[in-house]
Amino acid sequence: MSIQAQLKKYELPPLPYKTTDLEPYIKGEIVDVHYNGHHKGYVNASNTYVERLEKVIKGEVTSYDIQGLMRMLVFNINGHKLHSLYWNNMAPQGKGGGKPGGKLADLIEKQYGNFDNFKKIFTETANSLPGTGWTVLYYDYENGNLQLMTFENHFQNHIAELPIVLILDEFEHAYYLQYKNKRADYVGAWWNVVNWDDAEKKLQKFVK
Ligand code: MN
């Protein structure tokens with residue numbers, strides 16, 4: 001039996017706004033290339049590498065680099081999943097930015113004292129990332145705390161179930177057409193498009 005017959009293909013989710021809706025903080029050209037180029041590329045490559053893995057399992061390919069294959073699977077599948085979170089985590093001009101409310105505001109106040117201090121620490125964390133990767137705020141099921149983490153590339157392992165609340169893409173493709181080498185300026189501008197309602201919605205899913 002074909003494995004592929006049992007697997008649903010990865011699909012590019014709809015962008016929840018127009019490509020120009022994050023301006024002036026993130027240029028439409030960036031969102032267009034990022035979504036229609038990079039994210040779509042991760043989706044297509046995810047399906048390509050799953051098919052290749054299927055061929056390997058069925059014995060149709062006898063010579064292959066299994067480590068390279070697994071690396072490409074992880075890179076592309078994680079890339080797809082992380083970008084799906086990233087797009088929804090931003091809101092069109094006028095609807096993004098400001099401060100969180102609800103449970104997220106409570107946790108931030110409890111752990112960081114106040115929002116401005118949280119923003120400062122998140123920003124410092126994001127700016128400390130060398131090279132290419134992501135900064136995420138996630139929910140720790142064990143102690144009910146928020147945790148900050150940076151990771152390089154698209155992470156090394158399968159992160160589908162990591163309970164991410166807030167996520168920032170720090171690949172050069174996310175900012176270079178507008179901010180060039182001034183990544184910290186992009187990080188600073190990104191706060192103006194954060195969709196706190198979406199972050200709260202994500203958090204509510206994790207809190208039992
Ligand atoms: Mn990206």
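**Close-up views of a predicted model**

View 1. At a relative accessibility of 37%, Asn153 counts as partly exposed (buried is under 20% relative accessible area, exposed over 50%, partly exposed in between; 1.4 Å probe, protein chains only). Asn153 is not a glycine, yet has a positive phi of about 55°. The residue sits in the loop between strand S2 (145-152) and S3; helices (H or I, at least four residues) and strands (E, at least two) are DSSP runs numbered from the N terminus. This is a predicted model, in which local features need pLDDT of at least 70 and side-chain atom pairs count only at pLDDT 80 or more, while totals for chains, interfaces and linings use all residues. Residues are numbered from 1 along each chain as its sequence is written, and side-chain values use heavy atoms, with hydrogens and water left out.

View 2. Lys180 is found in the loop between H5 and helix H6 (183-190) and, at 46% relative accessibility, counts as partly exposed. Glu23 and Pro24 are joined by a cis peptide bond with omega of about 5°; Pro24 belongs to the segment before H1.

**View 3. The manganese site.** His34 (NE2), His83 (NE2), Asp169 (OD) and His173 (NE2) are the protein donors of the manganese ion, 1.9 to 2.1 Å from it. Donors are N, O and S atoms within 2.8 Å of the metal (3.2 Å for Na, K and Ca); water is not among the atoms, so sites may look incomplete. Along the chain the donors follow the spacing H-x48-H-x85-D-x3-H. His83 lies in helix H2 (residues 66-88) and His173 in the loop between strand S3 (164-169) and helix H5 (176-179), so this pair ties together parts 90 residues apart in sequence. Both His83 and His173 are buried.

**View 4. The nonpolar cores.** A nonpolar core is a set of buried Ala, Val, Leu, Ile, Met, Phe, Trp, Tyr and Cys residues joined through side-chain atoms within 4.5 Å. The largest has 47 residues, and Tyr86, Phe118 and Trp190 have the most contacts inside it. Not counting residues up to four places away in sequence, Trp190 touches Tyr86, Met90, Phe122, Leu166, Ile167 and Leu168 (contact means heavy atoms within 4.5 Å).
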